[in-house]
Amino acid sequence: MKYDAELGNKVKEHLEGLGVETPMNGGRSDNVDEMADAFYTIMERIGCDMHDDSMKDSPHRVASMYIDELFVGMDYNKFPKCTTFENKYGFDSMVVQKNIIVKSVCEHHFQTIYGKCHIAYIPNSDTGYVVGLSKLNRVANFFSRRPQVQERLSEQIFRALQFILGTEDVAVFMDADHFCVKARGVEDVNSSMTTSRLGGAFFDDDKTRNEFMTIISQQR
């Protein structure tokens, strides 16, 4: 996948200005050994035999997974390249990408968040852009790959796409299972969480909003 650090840092600055950025200390490290040592201590303290051949390499596995997979979205130098095109043909209708798989981690208990996200936008026919369709998936995935709460995740996807596409007309709808609810605590295996963030015509115009909700509710 191609990255765009310059765009990523502009998006980061934009989200910070809006007060919707993930709390970060600026001290991200990609030092696998250092992180593995920390996780070794956790495993040892909960009683794991760290000399066992099944467990001895787990700290490094976890460290690599955290850095390269689960939390890669903490690094804006790895923000996805979002190729946009001038809206030369004046397209001013809805573009919808349905059923984007969201895989994240709850920042409160570090349990899995797993669900689907539906994204729509209406290109600005005068000054806006259209974007390669997979880029909507990649933006959602980037913000998912960090410790999250679903409300902020929806907001970050929404605000980043408004910024990138140059339009207020963006909609984000997400339904996800939270394993901090399913696997611990109340242990309710049936519940899920739904969030929506609507802007521009999706918020102001009943017809546009209803069209979006109808489209995303249709089964393939």
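## Exercises on a predicted model

Asp169 is buried yet takes part in no salt bridge, and the nearest side chain of opposite charge, that of Arg209, lies 11 Å away. The model used in these exercises is predicted.

**Exercise 1.** Determine where Asp169 is found and what its side chain reaches.

*Solution.* Begin with the position in the chain: Asp169 sits in the loop between α5 (150–165) and β6 (170–178). A salt bridge would require a side-chain nitrogen of Lys or Arg within 4 Å of a carboxyl oxygen, and with Arg209 at 11 Å Asp169 has none. Turn next to the backbone, where the nitrogen of Ala201 is reached by the side chain of Asp169 at 2.8 Å. Finally, leaving aside neighbours within four places in sequence, the residues in contact with Asp169 include Tyr121, Gly200 and Ala201.

**Exercise 2.** Describe how strand β2 pairs with β3 and with β5.

*Solution.* Take β3 (residues 112–121) to start: nine bridges join this strand to β2 (residues 95–106), and the two run antiparallel. Within this pairing, Ile100 has Cys117 as its bridge partner. The two strands form a hairpin with five residues between them, and Phe110 in the turn has a positive phi of about 55 degrees. Then consider β5 (residues 147–148), which pairs with β2 in the parallel sense over two bridges, with Val105 standing opposite Pro147.

**Exercise 3.** Classify the ring pair formed by Phe142 and Phe143.

*Solution.* The ring centres of Phe142 and Phe143 are 5.2 Å apart and the planes stand at 85 degrees, so the pair is edge-to-face. Phe142 is buried, with a relative accessible area of 4%, and Phe143 is buried at 0%.

Technical notes: Residues are numbered from 1 along each chain as its sequence is written. This is a predicted model: local features need pLDDT of at least 70, side-chain atom pairs count only at pLDDT 80 or more; totals for chains, interfaces and linings use all residues. Side-chain values use heavy atoms; hydrogens and water are left out. Helices (H or I, at least four residues) and strands (E, at least two) are DSSP runs, numbered from the N terminus. Buried means under 20% relative accessible area, exposed over 50%, partly exposed in between (1.4 Å probe, protein chains only). Lys and Arg count as positive and Asp and Glu as negative; His and the chain ends are not counted. A polar contact is a pair of N or O atoms within 3.5 Å; within protein, one must be able to donate a hydrogen and the other to accept it, and residues adjacent in sequence count only if both atoms are side-chain atoms. Contact means heavy atoms within 4.5 Å. Two strands pair if DSSP finds at least two bridges between them. Rings of Phe, Tyr and Trp (its six-membered ring) pair if their centres lie within 6.5 Å; planes under 30 degrees apart count as stacked, over 60 as edge-to-face and the rest as tilted.
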